[in-house]
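Student: I have this structure open and I'd like to go through it with you. Can we start?

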Amino acid sequence: QVQLVESGGGLVQAGGSLRLSCVASRSIFGIHAMGWYRQAPGKERELVARITGAAGTTYADSVKGRFTISRDSAKNTVYLQMDSLKPEDTAVYYCKFTGDQHYWGQGTQVTVSS
């Protein structure tokens, strides 16, 4: 059973930064994409950023220029650097690895105060 564990969430003031990490409990064969999603209260889960095996990246329009996704495949880890945070970024952030099946983390809370 593979587990994804996120860390790095917390409370930050608007304009601040946080770096999220997501590490898999073991190497997963065939992973072709890693991503970060978020879900705010009363809203659906949405894609924040995604990185593929070819290192191509995709970002939600709302975070472009502020967030950066990266990975360390040797460490089975994906990161999300979040800068210039806004109160509307407040949500539970989840990582997801996609291969022959989907693997989700348990989520980490990010709260941005105004």
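Student: How many cavities of 30 Å³ or more does the structure hold?

Tutor: This is a predicted model, and it holds one cavity of 30 Å³ or more. The space in the largest cavity comes to about 30 Å³.

Student: Which residues line the largest cavity?

Tutor: The lining is made of Ala33, Met34, Gly35, Tyr37, Arg50, Lys96 and Thr98. By class, three of the lining residues are nonpolar, two are polar and two are charged.

Student: Which strand gives the most to that lining?

Tutor: Strand 4 does, with four residues. Strand 4 and strand 9 each supply at least two residues of the lining.

Student: Changing topic. Which residues touch the most other members in the largest nonpolar core?

Tutor: The core has 29 residues, and those touching the most other members are Trp36, Val78, Leu80, Met82, Tyr93 and Phe97. Several strands each supply at least two residues of this core: strand 3 (18-24), strand 4 (33-39), strand 5 (46-52), strand 7 (67-72), strand 8 (77-82), strand 9 (91-98) and strand 11 (108-113).

Student: Take Phe97. What is Phe97 in contact with, leaving aside neighbours within four places in sequence?

Tutor: Phe97 is in contact with Leu4, Cys22, Ala24, Ile28, Ile31, Ala33, Met34, Asn76, Val78, His102 and Tyr103.

Student: There's a cysteine in there. How many disulfides are there?

Tutor: The count comes to one disulfide. Cys22 and Cys95 form the disulfide, with their sulfur atoms 2.0 Å apart. The link of Cys22 and Cys95 is right-handed, with 50 degrees about the S-S bond.

Student: What does that pair tie together?

Tutor: Cys22 is in strand 3 and Cys95 is in strand 9, so the pair ties together parts that are 73 residues apart in sequence.

Student: Are those two cysteines buried or exposed?

Tutor: Cys22 is buried, because its relative accessibility is 0% and the cut-off for buried is under 20%. Cys95 is buried too, with a relative accessible area of 0%.

Student: Where does Ser84 lie?

Tutor: Ser84 lies in the loop between strand 8 and strand 9. Ser84 counts as partly exposed, at 41% relative accessibility.

Student: Last one, Ser7. Which strand is Ser7 in, and what does Ser7 touch?

Tutor: Ser7 is in strand 1 (residues 4-7). Not counting residues up to four places away in sequence, Ser7 touches Arg19, Leu20 and Ser21. Ser7 and Ser21 are 14 residues apart along the chain, and their C-alpha atoms are separated by 5.3 Å.

Student: Is Ser7 buried or partly exposed?

Tutor: Ser7 is partly exposed, with a relative accessible area of 38%.

How values were computed
Residues numbered from 1 in each chain as written. Predicted model: local features only at pLDDT ≥ 70, side-chain atom pairs only at ≥ 80, totals over all residues. Heavy atoms only, no water. Core = buried A, V, L, I, M, F, W, Y, C linked by side-chain atoms within 4.5 Å. Buried < 20%, exposed > 50% of the residue type's maximum accessible area, 1.4 Å probe, protein only. Contact = heavy atoms within 4.5 Å. Disulfide = S-S within 2.5 Å. 1 Å grid on protein atoms, 1.4 Å probe; cavity = no way out; pocket = protein on both sides within 12 Å on 5 of 7 lines; lining within 4 Å. Points joined across faces, edges and corners; volume = space filled by probe spheres on them. Nonpolar A, V, L, I, M, F, W, Y, C, P; charged D, E, K, R; others polar.
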